[in-house]
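Thank you all for coming.

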Amino acid sequence: MLSLLVALIGLAVGILINRAADNLPPPLRRSFFETPRCPYCDSRRSPLEQCGIASFVLRRDKCHQCSAPLRLRAPIVEIATAALFAYLAARYPMGLLLAALCLFTAILLLIAVIDIEHKLILNVVVLPATALALLFSPILLAPNRVALDSLNLRLILVSLLGAAIGYSLTYGIYLLGILFLRWLNRNRTNKINTVAFGMGDVKLAGLLGALVGVPAVLYVLIYAILLGGAGALAAILLQVVRRRGYSAFMAIPYGPYLVVAGWAFVVLRPLP
Ligand SMILES: [Zn+2]
């Protein structure tokens, strides 16, 4: 019963995630509070169209003005948010910890959606989220996940160190990537310009470090790199099967892998 209620909240949060993913990224960079518009005819979305599931269920999966198809992403994100929230509600007792886990699940989902669609991780999302993660660290990192000291400075320090290590390690990888690219490009006419980790990934690693603290941030990075490698291998195999050839310098968007690895550590961290 409680899970159902939290799932309904998740559904509503999913609508907000879709709105943010429509409004925030460039070239629009609109305010979150503006009504989303159709990317084809620029008409404002009706209230019904803003709920992905409702517009698909009622067979109005087309823009009411220009009948351009609505994105399938909207209902997928809504259902995913509802399912993840329900899972969290089943695993954790009602309280501040559950609320914090739901909040960061929603933020990470938003980051993944924007990164998949635009290959971008926005400062306007990741930087305030990092500040929130530091603020919530006494709840998220509490040793037995129930004790809540009003302001546990030690846990905030663990979170801050996690952010610093996540940020500086991936920044190191980012710099190495640029050096490697210069070396690769020294004699090439058609320059390659894909780096392994972008600056967005560096900031995302900082956020995940703040969420899981030290030393867990190291595991998050290792698992994200392994997941990214497995994903890249699958993509290459798919290309070989389809077109019998592949580019060795495909860009791997690490954002979604970082999100999956980080979320798993935040949520599934074993209770000591
Ligand atoms: Zn339209």
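The structure holds 0 disulfides, a disulfide being a pair of cysteine sulfur atoms within 2.5 Å. This is a predicted model, in which local features need pLDDT of at least 70 and side-chain atom pairs count only at pLDDT 80 or more, while totals for chains, interfaces and linings use all residues. Residues are numbered from 1 along each chain as its sequence is written, and side-chain values use heavy atoms, with hydrogens and water left out.

Cysteine 102 counts as buried because its relative accessibility is 8%, whereas cysteine 66, at 32%, counts as partly exposed; buried means under 20% relative accessible area, exposed over 50%, and partly exposed in between, with a 1.4 Å probe and protein chains only.

Turning to the domains, the protein chain is divided into domain 1 (1-91) and domain 2 (120-272), with bounds from an automatic or database domain assignment. Their contact, meaning heavy atoms within 4.5 Å, takes 7 residues from domain 1 and 8 residues from domain 2.
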